[in-house]
Amino acid sequence: MTRDIHTAILILIFALGIFFMRALPFLIFKDGKTPAYITYLGEVLPPAAIAMLVVYCFKGVSLTSYPFGGPEFLAALITVLSFILKKNTLLSIIVGTACYMILLQKVFI
């Protein structure tokens, strides 16, 4: 099998998999009514996922040695403030990441 055919087959498999995963909810809930537990999960899972990401981001912070978590906490504060001011998640993530990198590379050397 040539490399081009192999690549085309892989793309087809991935495309079918993505299509199936996107169509699956419509196949499961044919009547158009979403069950209450799915609605509940849709409400509680996003904040839970964000909380897990926050815990993961701060797990390696050492409060007993320099820089004492300074870049992490300042970047998190700026991320939260930018979200409160602009209500734009993507902008907040970009601003927080840039702030963290600048603090880590230029300020807390």
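Is Phe68 buried, partly exposed or exposed, and what is its relative accessible area? Phe68 is partly exposed, with a relative accessible area of 45%; buried means under 20%, exposed over 50%, and partly exposed in between, for a 1.4 Å probe and protein chains only. The model is predicted, so local features need pLDDT of at least 70 and side-chain atom pairs count only at pLDDT 80 or more, while totals for chains, interfaces and linings use all residues. Residues are numbered from 1 along each chain as its sequence is written, and side-chain values use heavy atoms, with hydrogens and water left out.

Phe68 is located in the loop between α2 and α3, where helices (H or I, at least four residues) and strands (E, at least two) are DSSP runs numbered from the N terminus. Its phi is near 60 degrees, a positive value in a residue other than glycine. Pro67 is placed in the loop between α2 and α3, and the peptide bond that leads from Tyr66 to Pro67 is cis, with omega near 10 degrees. Most residues other than glycine have a negative phi, and most peptide bonds are trans.

The structure contains 3 aromatic pairs. Rings of Phe, Tyr and Trp (its six-membered ring) pair if their centres lie within 6.5 Å; planes under 30 degrees apart count as stacked, over 60 as edge-to-face and the rest as tilted. One of the pairs joins Tyr66 and Phe68 edge-to-face, at 6.4 Å centre to centre and 85 degrees between the planes. Tyr66 is exposed, at a relative accessible area of 52%. Tyr66 also pairs with Phe108 in a tilted arrangement, with 6.4 Å centre to centre and 50 degrees between the planes. Because Tyr66 lies in the loop between α2 and α3 and Phe108 in the segment after α4 (89–107), this pair ties together parts that are 42 residues apart in sequence. Tyr66, Phe68 and Phe108 form one aromatic cluster.

A positive phi is also found at Lys87, a residue other than glycine, with a value near 55 degrees. Lys87 lies in the loop between α3 and α4 and counts as exposed at 60% relative accessibility. Ser82 belongs to helix α3 and is buried, with a relative accessible area of 11%.

Glu72 is another residue of helix α3, which spans residues 70–86. Glu72 is buried yet has no salt bridge, and the nearest side chain of opposite charge, Lys59, is 11 Å away. A salt bridge is a side-chain nitrogen of Lys or Arg within 4 Å of a carboxyl oxygen of Asp or Glu; Lys and Arg count as positive and Asp and Glu as negative, while His and the chain ends are not counted. Apart from neighbours within four places in sequence, Glu72 is in contact with Phe58, Val61 and Tyr100.

Notes. Contact means heavy atoms within 4.5 Å.
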